[in-house]
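Q: I'm new to this one, could you walk me through it?
A: Gladly, here is the structure to look at while we talk.

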Amino acid sequence: MNLKKLLAGSALVTGLALFSAAAVAEESVEVLHWWTSGGEAAALNVLKQNLEKEGVTWQDMPVAGGGGEQAMTAVRARVTAGNPPTAVQMLGFDITDWAKQGVVADLNDLAAKEGWDKVVPAALQAFSKYDGKWVAAPVNVHSTNWVWANKKVFDDLGIAQPTTWDELIAALDKIKAAGLTAVAHGGQPWQEATIFDAVVMSTGGPEFYKKAFIDLDPAALNSPTMVEAFDRMAKLRSYVDDNFSGRDWNLASAMVIEGKAGVQFMGDWAKGEFLNAGKVPGQDFLCFRFPGTQGTVTFNSDQFVMFKVGDDRKAAQEKLASAIMAPAFQVAFNKVKGSVPARTDVDGSDLDACGQQGMKDLAEASEKGTLFGSMAHGHAAPAAVKVATYDVITAHFNGEMDSKTAAEELAKAVAAAQ
Amino acid sequence: MSQATPETAVRTSLLVRALIYAVLLIFAVYYLLPLFVMLVNSVKPLDEIRQGNMLALPQVFTLDPWRSAWSTAQIGVQPTGLRPYFINSVLMVIPAVAISTLLGAMNGYVLTKWRFRGDGIVFGLLLFACFIPFQIVLIPMARILGLLGLAGSTPGLVLVHVIYGLGFTTLFFRNYYDAFPTELIRAAQIDGAGFFRIFWRILLPSSGPIIVVTVIWQFTNIWNDFLFGASFADVDSQPVTIALNNLVSSSTGVKEYNVHFAGAVLAALPTLIVYIVSGRYFVRGLMAGAVKG
Amino acid sequence: MSLSQAAQPAALRKTSELTERLQRALPKLVLAPSFAVILVGVYGFILFTGLLSFTDSKILPSFNLVGWDNYAKLWGFRNWITALQNLAIFGSLYILICSALGLFLAILIDQKIRIEGILRPIYLYPMALSFIVTGTAWKWFLDPGIGLEHTMHVWGWESFSFTWIKDGKMAVYCIVIAAIWQSSGFVMAMFLAGLRGIDNEIIKAAQIDGASNFNLYRRIIIPILRPAFLSVFVVLAHLAIKSYDLVIALTNGGPGRATEMPATFMYSYTFTRNEMGIGAASAVIMLMMIASVIVPYLYSELRGGRR
């Protein structure tokens, strides 16, 4: 081994690397996100192409894993190092937490020019704005209290869409008796928490949900109503198959699509799976609100937070924000993604039946004041509280504690996480 | 019936030998099974994987998953496959391995041939660096990289990997040079050779085995690292492990297991090749030094 | 070429003294950059983490001190206790079984096995794989629905059941299995090198004295391998701590939080829950545990094993 050659070689390679890193791109945006697969990536690609038409290059920084966990770590390192990406995909209170650090941009001028205040629902604005300034551009609104059912299974067993908890249990009993898996579920903490959102809402109603999850009132968290909610979770546990632990959510959707299971309780991103499999809403599958939560919507919204960047990148950043909020993009993106546009003034007739239903529900709930952030997806309380509730919910679901203890633990965990 | 060859120190009977072979083969199956599962399932079409069982040979043989994993699979917004990230990994790994090996060699040389008071403590302190969990390092290192202007670049990644590889490389070389006869050094000094000349002319040329061990160890660790790559890399410098994770951990869509397995094997190919090609030198290298006191 | 030293003018003498002193300091100068960099990058950062553990850091470091609050909170978390228990189980099983298995295989291969050339790469290659690859492959293998249990059912063994990975109490042992798979070949290579390095004369002498095979190994060969045990221990302890990647890939801490480890706990609190202060406290405890095991061992080996 000729060491001198080796050293020269590595010096050359290092030099090349440095050179390439120094090459600067003209108007470009660097976007960090975790949409790395088929449907979502295709939806994001629409944005990329729209920007390229305006002369802005898209530099992609995908970091998959954990629904954004790894991405958040990467963001932290980048911000600490002093070179944040132009925009980062973020959910709910994470946006607020970052805005508090004073590292995000001020989009008020752009927002005023394009009139964002009027078209984005107030509940979303709570996250897109911080201290009165726009800091993020919302891409979509997902809602989490949906049920997805295989229509054939329902028809064969003579089940009508359940509208109350008791009807739901009766339906699940029928499916289980027929030898199918009643509830397709993926045993991951966030999935259990997603179901818990809906169960709490259906057990205690919107006021209770607000008191417990948004106000974090200990009296509501450790209350008989909460114990009842946990009891209902335990009941639902009896309808899942033995292999549920650790299963990814899209594999649970596949169970319903293929008719091996009856229903899945999941947010409306599940619709993307059904559509991708060529299924038609109303014909092959049903979408309805979790029984007891009709008229309310628990939502989460993917938003792109704009970080403070140098003046040379500001123009491109504003173009990105504007492109995200463009009505045409909002429709095109949400058609692919399965969610609902964040703007209330777009024409939803291009969306499928469930999407249109979602838009209607969103507008209705926003007006009535029953549009609440989802706890399971970081829109009701900050990350520390959210994950603390995960701990209790998943421990209870896996049989490690009874409902009474769970309610106590929930109040304790939430208190400790604040 | 006993076999006692001159080299075999321990005498064994034929029955015992048969048992030994059996045990070794059973373990070989244990080690090979996951690789077999990955390879066999990476050439099946997706429905066959869903229907069938993981150990069955493919009924329909297809190389599409491999093509997809290499150049068309969705890694981010673009369907680029793993190919572009390979180059990033290579650009990062080669300098990092070279520099950390060289520094480790010099450190080992100093610690064994140029003793000074407290060198044991210095070595102990360097050694403890092998055990630090990388998560602790992320935030402060990000700040420092930012201050140095190296954030998000390949040289930054190289620096980080060199720092955290020093513990091991120093350990390997120090053990090796410890066994190196000091008389040769003394003789060279009497002849007038200085610090560096002794290093280049005497120690390094006979360090072949331990260089192999160190290079293999460093190459594997740095190539397979995920945490630093995820936190300190930029658009132009993301290594292949990040791309593989993006491929495998996507949160929606059909899980194309065959593509995942093909991608996993592709990402592991360089290290696999290094191990298989240099396996024999590896053991020789270990013999020569890494396992001595 | 050379004037005698006494004949050299004063200035030249000074420079040659300087160069001599430089020459003497050179070794330390060479070592210094590495030492400095480790001092900052390892010990400096450990101190920084220690400092953070006494602050109210949330999403980013903050320097408001809060005393022992974080530590007090830490011991109240169920997950933390679970994580410590899992580390104890995983760490001890992993290091013990891996060492024993590696030694066992090395001894077997040392018996002049003819297929060694084929076996060695087979035993070694798992180490070349990243934890993501290992975790993905084993996750598949251990899943009852598509892995081993399913295959056994398809092959006719209907009652075969292997659902450890879905069982809260047994899932941690799945991690042990995958981790041992990854590293035992490497350990075998280290012991094999050690065995090959033993002087044959010693062994022959012992055999002439009438030592049985068993005693030969127990009394003579294994003690000679002490330096190899040190290296093996260092490597395995290092890997046990880095097992974060493997746990995430294999079980992601599940079922529920049953396979939480201090490393995943620390990561979760620091980066996911935005509670950096508590994450730092857990990291400090983790480091103390690591140090309490490794430092005494290193100390005894480096002191005692000197020639």
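A: Before we start on domains, a definition: domain bounds come from an automatic or database domain assignment. This is a predicted model, in which local features need pLDDT of at least 70 and side-chain atom pairs count only at pLDDT 80 or more, while totals for chains, interfaces and linings use all residues. Residues are numbered from 1 along each chain as its sequence is written, and chains are lettered from A and ligands numbered from 1 in the order in which they are written.

Q: OK, how is chain B divided up?
A: Chain B has domain 1, covering 2-72, and domain 2, covering 83-290. Taken over C-alpha atoms, the centres of domain 1 and domain 2 of chain B are 30 Å apart.

Q: And how many residues of domain 1 of chain B are in contact with domain 2 of chain B?
A: 13 residues of domain 1 of chain B are in contact with 11 residues of domain 2 of chain B, where contact requires that the C-beta atoms of two residues, placed from the backbone, lie within 7 Å.

Q: Which element gives the largest share of that side of domain 1 of chain B?
A: Helix 3 of chain B does, with 6 residues on the side of domain 1 that touches domain 2 of chain B. Helices (H or I, at least four residues) and strands (E, at least two) are DSSP runs, numbered from the N terminus. By class, this side of domain 1 of chain B has 8 nonpolar, 4 polar and 1 charged residues; Ala, Val, Leu, Ile, Met, Phe, Trp, Tyr, Cys and Pro count as nonpolar, Asp, Glu, Lys and Arg as charged, and the others, Gly among them, as polar.

Q: What about chain C, where are its domains?
A: The domain assignment puts domain 1 of chain C at 5-52 and domain 2 at 71-304, with 40 Å between their centres, taken over C-alpha atoms. There, 4 residues of domain 1 of chain C are in contact with 6 residues of domain 2 of chain C.

Q: Switching to helices, at what angle do helix 1 of chain B and helix 5 of chain C pack?
A: They pack at about 90°, with their axes 10 Å apart; axes are lines fitted to C-alpha atoms, for helices over the stretch in contact, and angles run from 0 to 180 degrees between N-to-C directions. Helix 1 of chain B and helix 5 of chain C are therefore roughly perpendicular, a label for angles of 65 to 115 degrees, whereas those under 35 count as roughly parallel, those over 145 as roughly antiparallel and the rest as oblique.

Q: Which residues make the contact?
A: Helix 1 of chain B brings Pro34(B), Val37(B) and Met38(B), while helix 5 of chain C brings Ala137(C), Trp138(C), Trp140(C) and Phe141(C).

Q: Now chain A, what is the order of the strands in its open sheet?
A: The 5 strands run in the order 2-1-3-13-6 with mixed pairing, and two strands pair if DSSP finds at least two bridges between them. Strand 1 and strand 2 of chain A run parallel and are joined by 6 bridges, with Ser28(A) opposite Thr57(A) of strand 2. Strand 6 and strand 13 of chain A run antiparallel, joined by 3 bridges, and Ala136(A) has Val305(A) of strand 13 as its bridge partner.

Q: Why is strand 1 of chain A described as largely enclosed?
A: Strand 1 of chain A is largely enclosed by the rest of the structure because 5 of its 6 residues are buried. A residue is buried if 20 or more other C-beta atoms lie within 10 Å of its own, exposed if 12 or fewer, and partly exposed in between, with C-beta atoms placed from the backbone.
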